[in-house]
Amino acid sequence: MEPSGPDDLPDEDPACRQQARRELVGPAVRALLELSRRGELTTAHVQLSAHTLGVHVRTVWRGLARARLGEPLRRSRGRFEITEDIRTLLAYHRGNVKAVHGELAREADKSGAAPVSLSTLHRAVKRGLTPGDRAGLKAGIPASRGHDPHLRRPPTARNEEWEGDHKQAPVYVWADGRLVKPWVTWFCDCHTGMIMGWAVTPHFPHRGSILAALRSCILHGDTYGPAGGLPTRIRIDRGKDFLSRAVQEALGAFAVQVDVLPPYTPHLKGSIENLNRAATSMFFSTLPRYTHAQKLDSRRRSGEKDPALTFEGFVELFATWVRTRNAEHKMADYGDLTPLQWWNSEDTPLREVSAEDLHAFLLEGDRSTRVIHGHGIRFKGRDYISGWMSGRSGTRVHIRFQPHHLEQIEVFDADNRHHLGSAYLADQATDEQIEQVYQARSEGARRLRRDMRRAEALRRRRFKAHTTAGPARTDAAMTRQQAAKELRTLRSSRTADDLPADYMPRRITPPAAGPYPAPPPPPRPRNGHDHLTPPAPDSPSHRASRIIRSQELRRQGRPCIAAWMTAHTQHTVCVSPRGPDTLDLHDTANGRLLGPAHARPSLPAAALLTSPRRPRRTQT
């Protein structure tokens, strides 16, 4: 069946046809006005215009009369229009038209004017703002860009432009005894839509995945397919692995231009992004354990209990889908041709590269020069050895290797860059030993996560709920004994090994000849009878005198503090004990009571050893 032509299309909307005819009224009236100025206007001209426009003859005559008077052809009625202030309100309320209408209604009530209705505001917003403006005022600039048209690049030739990207398959597969979602690294030709090459990684991709995918892209034959060769340029995003030194050196060695796109601009590499979406809808969604399957309820999905594929089975199915997509999938934009047919229809010559050159350049190089010694080659703390090293002890070599796969390295002569051969890891651990190491690492990571969760629970502070305005108050309650116990535990958690070698702990009791002044001598009798009356036992002259230093007073090695000491620094007082932890301080000059002081609780010996104060240094 042949496609329908323009004559077979259905009639357009009558409202649209009527609007189009109204738009032609102005040009028709201006043409009739020009005929009237030249004196050639007749009734037949007016009737012909009215019949063509589908309006009454009187409508044309009225329009001609308004044109002669310089008036507009149609009387425009006053409409509510969107202003800059209303746009600001829409941005303030995140695109909420109802909230903006409330603001306008309150302003109208204050000024005494009639408020605009909500439906009128909705019509004005729809008429005065584009869909991109409405989306931008509601969600931001990225949402606004979703309504912008994007230009298409002009057609080029095969291998002129490639695009590369990573794609995480939304499918769970079994790999090394765990369920993982594999990553696909691939490149496509922008002109033909051909998938040039790919590489699958069970876990996060790396620069080794990119180098392996590039190797499968450039080589062609029975194993890699008919498409291949070197591209002129490659467009990539700003991923760290794509920008790595190994990838840049591999592409720069073959004179391939690398275009690094700005961040958050997936539309600039639309070919590979379209391929990612096509792979999800055409292939990944058909596999078991698809993570975006239909939901059965709020938590369960369809097929989430199905047995998962193995990693080997996934790679085999993916390779089959790539071959089928390249050879059988017809694309409407390419004249219903498959990517392989479009590729073969091109006669652009290919830039061929030998497998030996790829073997050398699609590996990461070591910048240092190594020497073959009696145990082979020392690289990254390991010894590599091979049979061809016999008789080459002392030879200077360069090493190239595949990232993250260090069980094998490639060795080149440092003088002439000749490939000497491959070297293999000596004393390589067995699979059981490697598995035990990974299990120990996992157990250590679980223990650390458990400790961090407990520490976070201790640090978490809970606050009381408020129904009225007020300051935030903590909901934690503890006794003084609990607080002191936890403080002693935290202070004593530091071991003696953490202390410096020259640390000297503080003395618990001050020395006999300390820096404290001696008590003043008793006053001499002023007459002959004063010596016969001894002072009272509790008088200030019979109490020990001390000096208030730095807002505290020390007695028997324990600091005593009080708030009133701030105004009595360097003041000499007499001490009178009231209890085990309370003292009464009197002025030595007049015996007046200054106030009480309380002793700080004494710390255990372990806490004294961990005191943050610096040790006293003695002069020798």
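**Reading the fold**

Mentor: In the protein chain, 54% of the contacts with a separation of 6 or more are between residues 24 or more positions apart; contact means heavy atoms within 4.5 Å. Before going on, note that this is a predicted model, where local features need pLDDT of at least 70, side-chain atom pairs count only at pLDDT 80 or more, and totals for chains, interfaces and linings use all residues. Residues are numbered from 1 along each chain as its sequence is written, and side-chain values use heavy atoms, with hydrogens and water left out.

Trainee: How many helices and strands are there in the protein chain?
Mentor: Helices (H or I, at least four residues) and strands (E, at least two) are DSSP runs, numbered from the N terminus. Here the protein chain has 18 helices and 21 strands.

Trainee: And what percentage of the residues count as buried?
Mentor: Buried means under 20% relative accessible area, exposed over 50%, and partly exposed in between (1.4 Å probe, protein chains only). By that rule, 32% of the 620 residues of the protein chain are buried. As for the surface, the chain exposes about 42100 Å², and carbon and sulfur atoms supply 52% of it. Those areas come from the Shrake-Rupley method with a 1.4 Å probe; for residues, only the protein chains shown count as cover.

Trainee: Let's turn to sheets. What is the strand order in the open sheet of 5 strands?
Mentor: The general idea is that strands of a sheet pair through backbone hydrogen bonds, either parallel or antiparallel. Two strands pair if DSSP finds at least two bridges between them. In this open sheet the order is β5-β4-β1-β6-β7, and the pairing is mixed. At the edges sit β5 (195-201) and β7 (257-260), each of which pairs on one side only. From one strand to the next, the twist averages 20 degrees.

Trainee: Which helices pack on the sheet?
Mentor: One is α10 (residues 207-218), which touches β1 (161-168), β4 (183-189), β5 and β6; its direction makes about 150 degrees with that of β5. Another is α12 (residues 270-282), touching β1, β4 and β5, with its direction at about 40 degrees to that of β1. For such angles, axes are lines fitted to C-alpha atoms, for helices over the stretch in contact, and the angles run from 0 to 180 degrees between N-to-C directions.

Trainee: Do β6 and β7 run parallel or antiparallel?
Mentor: Strand β6 (residues 233-236) and β7 run parallel, joined by 4 bridges. Arg235 stands opposite Asp259 in β7.

Trainee: What does Asp259 contact, leaving aside its neighbours within four places in sequence?
Mentor: With those neighbours set aside, Asp259 is in contact with Arg233, Ile234, Arg235 and Ile236. Asp259 is buried, at 16% relative accessible area.

Trainee: On to charges. How many salt bridges does the count come to?
Mentor: A salt bridge is a side-chain nitrogen of Lys or Arg within 4 Å of a carboxyl oxygen of Asp or Glu. By this rule there are 15. One of them joins Arg233 and Asp259, with the closest N and O atoms 3.1 Å apart. Arg233 lies in β6 and Asp259 in β7, so the pair ties together parts that are 26 residues apart in sequence. Arg233 is partly exposed, at 27% relative accessible area.

Trainee: Where do Asp165 and Lys269 lie?
Mentor: Their side chains meet in a salt bridge (3.3 Å, N to O). Asp165 lies in strand β1 and Lys269 in the loop between β7 and α12, so this pair links parts 104 residues apart in sequence. Asp165 is buried, with a relative accessible area of 8%, and Lys269 is buried too, at 4%.

Trainee: What about a salt bridge inside a helix?
Mentor: Take Glu103 and Arg106, whose closest N and O atoms are 3.4 Å apart. They are 3 residues apart in helix α6 (residues 97-111), which means about one helical turn separates them. There is also a network of salt bridges linking Arg153, Glu161, Glu163 and Arg235.

Trainee: Last one: which residues have the most contacts inside the largest nonpolar core?
Mentor: A nonpolar core is a set of buried Ala, Val, Leu, Ile, Met, Phe, Trp, Tyr and Cys residues joined through side-chain atoms within 4.5 Å. The largest has 26 residues, and Phe187, Met196 and Ile234 have the most contacts inside it. Helix α10 gives the most to this core, with 6 residues.
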